[in-house]
Amino acid sequence: MSATSNQSPLSLLRQRAFLLTEIRTFFQQRKVLEVETPILSSAANTDLQIEVFSTQPIKPDKSSAFLRTSPEFFHKRLLAQGSGDIFEMAKVFRYGETTRLHNPEFTLLEWYRLDFDLKQLMFEVVELVQYLRQQMGLDVMTINTCSYQQIFIEKLSIDPFKTSADELNRLAIEAGYHGEPLDLTAALDFMFAIRLEPQLQKDEGYLIYDFPVEQAALSQVHPDYPDRCLRFEFLWGGVELANGYQELTDANEQLKRFEQDNHNRQIRGKDKLPIDQHLITALQQGLPGCSGVAVGVDRLLMCLLGKDDINEVLAFMAKNS
Amino acid sequence: MSVYSTSQFKNGLKILLDGDPYTIVDNQEVKPGKGQAFNRVKIKNLKNGRTIEKTFKSGEKVDAADVMETYMQYLYTDGEFYHFMDPDTYEQFEAPREAVEDCIKWLKEEDICTVVLWNNSPLTVEPPNFVELKIVETDPGVRGDTSGGGGKPATLETGAVVQVPLFVPEGEIIKVDTRSGEYVSRVKK
């Protein structure tokens, strides 16, 4: 099968089906179990930068239920129950995300590997991408592996751990930023998304690891550098394809981060969201040491087919659904 | 003053930035998976026509520029200002020299043109794409030469100078494309 020869709608459906099958084959060969978890939950993702769809409550004592933004919380509950390595490939939902690279509902591939450290999982992501490229008739991709700090220094001559928010704001304004001063995290996001990503080679892969600890989300703090965390991203050219963590297993720390999220949401005038107490309980009972990663499947298909817009690989765009 | 949120950004939207009116010519949302989202825009300064790139935090508010495009009739100049009239309301507007700089050489009295109003005063004036003007001065026509090869300068009644084919005589009315400043054809009256 050729990946790019025929671009009729039927061929697109076939290419997507082919990709899903090959992804399943990859995990079957590695004895990773496919699971299905709920789309609807009484708890929500509290992440400040992600908006959650809500609907009627599942339980009468709650005011709403939420569509998942990722299957992560359910996966960790399964892992705590002893599931072993698992993966899921299914729809997730994020309100208000419609751009060239976003659709409000999209297919996420998420998997967890027991006893993998961050590096092992990073290289498994690359193995998956190279495997899929091979199956679709593309050659081996050049992969650049560098820390968040290294790539900032290489591409922008900025050390993200030694540059003040004031200095980053000055550089952001120089690069066309207009508005209220950015906090340190937002200023680094600006440098990453606006200045760094456009400089990446279109057909090369980038594994970027050890993000600033403020962006830890559900990952562990780096054991040697308390200002960094065990989180990585994989980018295909300037497109973010995967986000992975060596997973936080400390229930108290996790609860603290969720509460901090809700605090930050309130400061910015957003609603507090119900924290997933089941996940906290599962962490208390003991999450085995593991690493996990999520891959945007629509974006992956888009990149494999050499397209620039996610809408070119969806059977139905959000506005037509 | 009304404001726009970045979620309302689209091409053609008129915004006010550092005191100048701009029109959005390109809007891209950049949203990292776990980070601050931004709107990256290309905007054109309506006063000087220069295009620049700016980035806003998504969700920020930006002042709207009170800019609108209307058709108006050019009336006359008093030497300092150029006077235009809205043909529907008969309301009159005066434009400074800067606003008409690029187009006044194409305008005759009573011509209809596009006027961009900012805070209700003319910001820029654009002539029609095609105008018909009389040649008031050019070298004598070369009879029989309709090849279109070569040309000569001709001064038009508004003062504009265009290249015309050799056979076109003085006194003739010609059609000109104001975007390129080029002769299109003779006009038979």
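**Note on the predicted two-chain model**

1. B:Lys34 and A:Asp47 form a salt bridge across the two chains, with their closest N and O atoms 3.7 Å apart. A salt bridge here requires the nitrogen to lie within 4 Å of the carboxyl oxygen. The total between chain A and chain B is two salt bridges. Six residue pairs are in polar contact between these chains, counting those with both residues at pLDDT 80 or more.

2. On the side of chain A that touches chain B, the elements giving two or more residues are helix H6 (184–196) and strand E10 (239–246) of chain A. H6(A) provides the largest share of that side, namely five residues.

3. The structure is a predicted model, and the following points should be read accordingly. Its scores are ipTM 0.86 and pTM 0.82. For chain B, the average pLDDT is 90, and 95% of the residues score at least 70.

4. As to the extent of the interface, 25 residues of chain A contact 18 residues of chain B. About 2,000 Å² is buried between chain A and chain B, and carbon and sulfur atoms account for 53% of this area. Of the area that chain A buries against chain B, 30% is supplied by A:Gln49, A:His178 and A:Ile194, which is more than any other three residues supply.

5. Over all chains, the structure holds 32 salt bridges. One pair to inspect is A:Glu127 with A:Arg30, a salt bridge in which the closest N and O atoms are 2.7 Å apart. This pair links distant parts of the chain, the two residues being 97 residues apart. A:Glu127 belongs to helix H3 (residues 118–135) of chain A, whereas A:Arg30 lies in the loop between helix H1 (9–29) and strand E1 (33–34) of that chain.

6. Chain B contains an open sheet of five strands, arranged in the order E14-E13-E12-E15-E16 with antiparallel pairing. Its edges are strand E14 (161–164) and strand E16 (182–186) of chain B, each of which pairs on one side only. With direction ignored, neighbouring strands of this sheet are turned by 50° against each other on average.

7. Strand E12 (residues 130–138) and strand E15 (residues 173–177) of chain B run antiparallel and are joined by five bridges.

Definitions and conventions. Residues numbered from 1 in each chain as written. Chains lettered and ligands numbered in written order. Predicted model: local features only at pLDDT ≥ 70, side-chain atom pairs only at ≥ 80, totals over all residues. Heavy atoms only, no water. pLDDT = per-residue confidence, 0-100. Pairing = 2+ DSSP bridges. Helix = DSSP H or I, 4+ residues; strand = E, 2+ residues; numbered from the N terminus. Axes fitted to C-alpha atoms, helices over the stretch in contact; angles between N-to-C directions. Contact = heavy atoms within 4.5 Å. Buried area = accessible area lost by both parts, 1.4 Å probe. Salt bridge = Lys/Arg side-chain N within 4 Å of Asp/Glu carboxyl O. Polar contact = N/O pair within 3.5 Å; in protein donor to acceptor, adjacent residues only side chain to side chain.
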